[in-house]
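Take a look at the structure below. The text then walks through it step by step.

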Amino acid sequence: MLKAFSAYITYNLFGLAEGSRIAGALDFFIYDTIKIFLLLSSIIFVISVIRSYFPPEKTKRILSHKKIFIGNILAALLGVVTPFCSCSAVPLFIGFVEAGVPLGVTFSFLISSPMVNEVAVVLLWGLFGWKIAAVYIGTGLLVAIFAGLVIGKLKLEKWIEDYVFKIHSGGGQETAAPAFRERLEAARWNTVDILKKVWLFIIIAIAIGGFIHGYVPEDFLVHYAGKENPFAVPLAVAIGVPLYSNAAGVIPIVYALVEKGMSMGTVLAFMMAVTALSLPEMIILRKVLKVELLAVFVGIMTVTIIAVGYLFNAIL
Amino acid sequence: MLEIKVLGPGCMNCHKMEELAKAAVKELGIDARIEKISEIQEIMKYTMSTPGLVVNNKLKHSGKPLPSPEKVKALIKEEA
């Protein structure tokens with residue numbers, strides 16, 4: 001139905017000739033814009049309601065003194081449903097340490113939370129289909145579990161800033177659990193808020209994507225970003241790390257690049273680098289982690305993400 | 001006079017929370033002092049999920065997502 005609608009606007013309303021480049025670009029733009037915004041608003045709403053049942057305090061209690069492995073799996077899963085602003089990474093980290101959550105388990109949480117992010121997942125779903133979105137979520141969880149396990153095994157507690165262990169909050173206070181109606185109202189508000197933040201990025205990105213779709217030759221990128229180029233994955237990861245707040249805008253462009261020959265493994269690795277590793281987050285985490293631990297974290301994540309990229313380039 | 005504290009190390013969401021609190025106080029026309037708390041030890045006394053809103057030493061909101069302007073007004077009113 002959406003396809004028919006965008007085709008109608010393109011060919012009837014604007015009267016563009018079928019098969020022309022500008023028509024292809026416009027058709028692509030209208031169709032994708034509507035589809036992505038429908039997906040975004042419905043999924044962010046549902047996720048917001050689910051998340052209202054998993055405040056970080058509850059997650060902390062669940063993970064407290066959990067065994068390695070089971071703890072890592074739980075932490076990665078809870079990372080998906082626990083809402084948390086990257087600015088609260090420091091108090092959250094301290095709260096976890098204080099509650100006796102093992103370091104590796106805490107990392108599984110801190111990795112999965114930003115990586116399996118609703119905007120990223122919706123965009124993957126909308127542009128590449130639900131299978132790719134599911135693969136991304138599954139791999140994201142595995143990366144979080146694996147990296148957390150490795151960090152736990154390495155026993156790096158000595159590289160946590162000393163003051164972290166000296167803070168005794170006594171657990172703080174908790175707000176009363178909201179009624180179901182209030183959760184719906186808060187979710188609606190949050191959905192509008194997120195859409196307000198990302199809509200312009202997404203529209204610009206889809207427009208650029210539409211342009212690439214219509215004007216750049218089909219196999220333009222095969223040579224540079226296809227499976228045959230072994231440097232494509234590390235390069236995509238290197239570009240993805242500093243890109244952070246614009247994950248929403250980057251993906252529609254990447255979509256167009258895939259059409260022109262960029263391979264799926266490279267795309268997934270890029271997405272993970274964009275969402276999981278970011279400069280602002282490193283600066284925040286530096287407040288609780290010594291440089292050595294931060295370096296180990298970035299190192300493990302980079303290697304794991306690149307490995308995931310190669311793996312998917314080999315099998316997808 | 002109400003003592004309102006906005007908890008947050010200084011990210012975008014925390015600034016927004018502060019603006020929401022200011023707007024709510026203005027609209028309610030009540031006498032309140034809004035203080036921004038960015039010191040970790042002090043934040044942790046109330047919560048580990050920022051941004052937070054504390055009214056008269058009671059935690060009224062913590063974490064993401066931010067409350068709507070209406071909700072902030074209601075939260076502050078409860079303590080007024």
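Of the 80 residues of chain B, 49% count as buried. Keep in mind that this is a predicted model.

What is chain B built from? Its secondary structure comes to three helices and four strands. Read from the N terminus, the elements follow the order β-α-β-α-β-β-α. The radius of gyration of chain B is 11 Å, close to the 12 Å that the globule rule gives for 80 residues, so chain B is as compact as a globular protein of that length. Its C-alpha trace spans about 30 × 20 × 15 Å along the principal axes.

Now turn to the contacts inside chain B. Take those with a separation of 6 or more: 64% of them come from residues 24 or more positions apart.

Next comes the place where the chains touch. Chain B gives 26 residues to the contact, and chain A gives 22 residues. Which elements of chain B give two or more residues to the side that touches chain A? They are helix H1 (12-28), helix H2 (40-44) and strand E4 (58-62) of chain B. By class, this side of chain B has 13 nonpolar, 10 polar and three charged residues.

Finally, look at one helix in chain A. Helix H6 of chain A covers residues 103-115, which makes 13 residues. From its first C-alpha to its last, H6(A) reaches 19 Å, close to the 18 Å expected at 1.5 Å a residue. Is H6(A) mostly covered or mostly open? H6(A) is mostly covered, with 13 of its 13 residues buried. An α-helix has 3.6 residues a turn, so residues three or four places apart point the same way.

How values were computed. Residues are numbered from 1 along each chain as its sequence is written. Chains are lettered from A and ligands numbered from 1 in the order in which they are written. This is a predicted model: local features need pLDDT of at least 70, side-chain atom pairs count only at pLDDT 80 or more; totals for chains, interfaces and linings use all residues. The expected span of a helix is 1.5 Å times one less than its number of residues. A residue is buried if 20 or more other C-beta atoms lie within 10 Å of its own, exposed if 12 or fewer, and partly exposed in between; C-beta atoms are placed from the backbone. The radius of gyration is taken over C-alpha atoms; the globule rule is 2.2 Å times the number of residues to the power 0.38. Two residues are in contact if their C-beta atoms, placed from the backbone, lie within 7 Å. Ala, Val, Leu, Ile, Met, Phe, Trp, Tyr, Cys and Pro count as nonpolar, Asp, Glu, Lys and Arg as charged, and the others, Gly among them, as polar.
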